[in-house]
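Please look at the sequence and the structure shown below before reading on. The report then takes up a few places in turn.

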Amino acid sequence: MPQQTQSAPEPALTAREVGALAAGRAEAAEAARSLDPDVVRALLDAGFARHFVPVAHGGSGGGFGALTDAVTAIGASCPATAWCASIALSLSRMAGFLPEEGRKRIWQDGPDVLVAGSVSPRGRALQADGGWQLTGTWPYVSAVEHSDWALVLGLAKTPDAPAERRIFAVPRSAYAVERTWSDIGMRATGSHTLTVDDLHVPGEMSFPVDDLMAGRPSADGGVSGGAGGVGAGAVGAGGAVAGVPLAAVNGLFFCLPMLGAAEGALAHWSAYAQDRLRAERPGVPGPGRAFYEETLARAGGEIDAARLLLERIAAVADSGREITALETARAQRDCALVADLLVGAVDRLFRASGTAGHSESSPLQRLWRDVHSAAGHIVLQFGPNASAYAAQALPVGPSEP
């Protein structure tokens, strides 16, 4: 598929500016269990909602490589904000799989539309009047209180065909939000519960989930790639994103905020370690220089390794060629491995930060909580991903007679 190109407009805010704003509002956002509205507006101004929106609908038509620096720059200051930015990126990309009339409706007023949602099969739909009657309850929907639209997954039934899993696009006026989010980490993501009750969804506002899983856009050419970028000031050209299976990139959206948190934790800890080393006095009990050197080298190496793995996933997704089943399984494996690496690195830094780093006033404890919360996501569990990878890398055929 030819790659569309355009000159990327300079974003109103850089990702680092968004991160600085979010850091200043983090404590209040944690207490509210929802992002500050000014932070949400800053994310939109920086281009996070429009990044994957097709150029034909006013978006940037961007690729995956641009995301690493942009999302991690925010995550280093506020992982919860980075998480919401990453989810907005993922869901707006999914909206590109809608038929043309559905895409036009979502982006009729411009591409800076915040789409939230869930691909957990928590809904049911019956065919009716050229569309579907949808009912369901979807927990853990990040940034849902600030969303303009939601994409949700339901089991759709028709009179003469087997049930089919479908994605439904629902406007904000048509769903309710229950404030149920109570996790100890990622508090500010506001990952509350979305409910829909007997809503008629027109046919153009739905598509089969198998299209998303296979990276198969609608016949009228919804999902596109091209130049464009989000909030780092100079996020470069991305590759075509049509044809990218969801499993080949899904974990990337969850890991990038974690990577940012780990890099932020390393920066905080490094400043602490420098202060400790400057104050070191002979004969005074405490860890020696070797302790700080080993902690820095090991945690820094683990974080660097995680970044390299995620950059490879993005590069494969942006390559414009067909992604193999083995590459998809490898991406799933790598994201789960990255989650383990980052948890280990942040744990190492947190343990070596002394009492000061564990104080409620220290950003380090928030980064530590957020990394652990993010790592609990079902997509990032190593066992199932190891099995999926082994099935591709070590296929076992029928036994010889």
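## Where one glutamine sits

In which strand is the place of glutamine 133? Glutamine 133 belongs to strand β2, residues 131-141, where helices (H or I, at least four residues) and strands (E, at least two) are DSSP runs numbered from the N terminus. This is a predicted model, in which local features need pLDDT of at least 70 and side-chain atom pairs count only at pLDDT 80 or more, while totals for chains, interfaces and linings use all residues. Residues are numbered from 1 along each chain as its sequence is written, and side-chain values use heavy atoms, with hydrogens and water left out.

Glutamine 133 counts as partly exposed because its relative accessibility is 22%; buried means under 20% relative accessible area, exposed over 50%, and partly exposed in between (1.4 Å probe, protein chains only). Leaving aside neighbours within four places in sequence, glutamine 133 is in contact (heavy atoms within 4.5 Å) with residues including Arg124, Asp198 and His200.

The side chain of glutamine 133 is joined to that of aspartate 198 by a polar contact of 3.0 Å, and to that of histidine 200 by a polar contact of 2.9 Å. A polar contact is a pair of N or O atoms within 3.5 Å; within protein, one must be able to donate a hydrogen and the other to accept it, and residues adjacent in sequence count only if both atoms are side-chain atoms.

## The sheet

An open sheet of 7 strands runs in the order β5-β6-β2-β1-β3-β4-β7, with mixed pairing, where two strands pair if DSSP finds at least two bridges between them. Its edge strands are β5 (176-178) and β7 (206-208), each of which pairs on one side only. Within this sheet, β2 and strand β6 (residues 192-202) pair in the antiparallel sense over 8 bridges, and leucine 134 stands opposite leucine 199 in β6.

## The nonpolar core

Leucine 134 is also one of the residues that touch the most other members of the largest nonpolar core, which has 116 residues; such a core is a set of buried Ala, Val, Leu, Ile, Met, Phe, Trp, Tyr and Cys residues joined through side-chain atoms within 4.5 Å. Helix α7 (residues 250-278) gives the most to this core, with 13 residues.

## A buried arginine

Arginine 103 lies in helix α5 (residues 100-106) and is buried, with a relative accessible area of 3%. The side chains of arginine 103 and histidine 57 are joined by a polar contact of 3.1 Å.
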